[in-house]
Amino acid sequence: LRRGGLAERLCRLQNRERSAISFWRHQCISDTKTSGKKHKSGVLIVKILEMCEECTIQVAVCQQLEQTPATLSPGDAAVNAGEPILKVLFARETAAHLKSRPQDVILIHPPWQKLLLKNTDVPVIMNTYFSQKVLLSEHSETGEKAYSLTKMPIRKNVISLAQTFRLDDLGDALHQEPSENQVACAPQIPNNCDSKQHPLVPSAVNDSLLEMVESQGAVGWREVQVRVVIQRVYCLPAREGSRSYVQGNKPLAAPPTMNSDLPNVRLCLLVQDAYGMFSEVQLQSLSSADDVEQYCRRWEGRFCCLAGMKILQRTTRGRALGLFSLIDSLWPPVVPVKVPGQTQGSEMMIKELPPPSFCYILAVQSSEIDVEVDEEEQISHLYQPPAVRGLKDILQMDGCNERCSFWARVLYLRLQTKGHVPINQREIWLFVTDTTLQNVVPRMPRVVGVTVAASCVLSTEISEALSVASQRVFFKDALWGNGRIICVERTVLLLQKPLLCSAAGADLSELTGPVRLDELDSTTQANSICALRGTVVGVNERTAFSWPTCDRCGNGKLELCPQDRELLYCNQCSEVVVSPVLKMQLEVFLSCPSRSQSTVKVKVQHEMSCGLFVLINVLLSLQSYEVQSVLGKEVGLLNCYVHAVTSRPNCVGLEEIVLL
């Protein structure tokens, strides 16, 4: 808040007000325990006749009573037609403290105020923060405890913004009914059912998320629907406390679990209303993200009516950078949006709209609602499909923490091995390329690395496809910043092209020829892949070792056969290994013309069956480690992963790899 500004002064005033109310309530408790304590003059005694809620304010129609609380009895509290009728306004905090219901007697202490309105004879009582409920009998305390266990529903009057500002299109706003072909996020109730028997039947359709939140409160709304557009569909890791929202809103800090008995991910929607406001809706929990692709194809761009929602959190840009980076990629809107307080004919220029600064996280209330989709629903004009770019254009972007979408072929996959991190929480490094990078472009790499964070939910189809072969993957809403592409929460990886996407002139053609890697040179960085050629100048004999493997399954953990101690036995095949295959691991030093001043060390793994492994076979055939047999050998183009690049000493550590 600006120092000395109106907002700061108002905040201080509200804090002082809350403190004064707390002290007053504590004093009232002390006064009730003290016998013979008289009530101050000016106390207004009212009896509640009816109650409703409007714009989070509880409106109570009351009858004023003249008797003092000391002489008041249940019989005397009967309604007297001669007593004046009042409308008493209670703030949300005051109403929650009183827990009042019809027939309750309330004492309103000064400084309450009376407001006389034109064209009405019923005065309005305001500033009722200092109020207390009167217990009319000895058994009232017991009844009060029983009442606290059963919450009484209060009728809520939804006041439309169009009605408040008396807009010309009031009829259109109030009678905007959902079409038959739309995403209905509400239970399907037969037409012959009475709405009184089904409290979830909406009485009206609204188009403002903010208006619903302000009018219905944080506990959720059931009487109305909000019509929104689904901009994105994705899955988030299911964390402790968010696994079942019936338990309440707990901090979302626990890591995702991989227990098959519990849901691992939660299906989410990023929706936008007619006023441009966004909200994240968290739907049911899923055991995996295998169905997210069909949800994206069927739901994105469709209209959705939300009912039975409750607010989990009001988050801001500083608290949820990942969420707002996705919102910023959808801002400004592609079509003019409505402006509160103006007629729908007056459209604000899109460039004048500030980006959203807050967002509500909504969730369904237990299992009361479901989602039904009609695939024939028309796409909304407010929907913004992912803008697909080439990797060359993404690497030339100047911004930071920007969302980007692209097609790319995955050439190599590597799992992070640093530290004692569980497998399900490790990062995955994908090395990808496309046609825009394979063409000879100055100062552009032919292959770029993509980091898949542990918070990015991958479907089983994607994981299995990448483990067996090179795939062309669509990366939707990845994050670009500080020279890196990262797949984080709300990033979706798909094997099929979305039905709707904006190419924006990008070259999305498939690779036809062989993939080329950048050769090792002075610009090569760590955690990258490159091609290598050079001459063998040395072998690290201290780290070289060999071991036998099964010639059928490749198992490297062979045991001695119990029947014949001179033979080896494979537990996986359950058979004797007659002709084991010897494998070896070596560290070979190369002299590379492209990096003549550096020591190039290449690690040859036992899985290799190409490149330098031919040299290993030569050593194995000789059954010796004679270094002279491989020194001076020319090595062709090897595909290598760069572990480290150091300047002091000037050394490059690589590992030979096999591309997918």
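Good morning, colleagues. Please keep in mind throughout that the model is predicted. I shall begin with the chain as a whole. It has 660 residues, and 43% of them count as buried. Its secondary structure amounts to 12 helices and 31 strands. Among contacts with a separation of 6 or more, 69% join residues 24 or more positions apart. The chain exposes about 35,600 Å², of which carbon and sulfur atoms supply 51%.

Let me turn to the backbone. Two cis peptide bonds deserve mention. One runs from Pro 110 to Pro 111, with omega near 10 degrees; Pro 111 sits in the loop between β4 and β5. Another runs from Trp 331 to Pro 332, with omega near 0 degrees, and Pro 332 belongs to the loop between α8 and β16.

Next come two asparagines. Asn 127, which is not a glycine, has a positive phi of about 55 degrees, and its place is the loop between β6 and β7. Asn 401 likewise has a positive phi, near 55 degrees, and lies in the loop between α9 and β17. Asn 127 counts as partly exposed because its relative accessibility is 24%, and Asn 401 is partly exposed with a relative accessible area of 44%.

Finally, the surface. Which residues form a negative surface patch? They are Asp 290, Asp 291, Glu 461 and Glu 464. Of these, Glu 461 lies in helix α11, which spans residues 460-468. Since its relative accessibility is 41%, Glu 461 counts as partly exposed.

Thank you for your attention.

Notes. Residues numbered from 1 in each chain as written. Predicted model: local features only at pLDDT ≥ 70, side-chain atom pairs only at ≥ 80, totals over all residues. Heavy atoms only, no water. Patch = residues over 30% accessible without salt bridge, like charges linked within 9 Å, V, L, I, M, F, W, Y side chains within 5 Å. Areas by Shrake-Rupley, 256 points an atom, 1.4 Å probe, with all protein chains shown as cover. Salt bridge = Lys/Arg side-chain N within 4 Å of Asp/Glu carboxyl O. Lys, Arg positive; Asp, Glu negative; His and termini not counted. Charge placed at Lys NZ, Arg CZ, Asp CG, Glu CD. Helix = DSSP H or I, 4+ residues; strand = E, 2+ residues; numbered from the N terminus. Buried < 20%, exposed > 50% of the residue type's maximum accessible area, 1.4 Å probe, protein only. Contact = heavy atoms within 4.5 Å.
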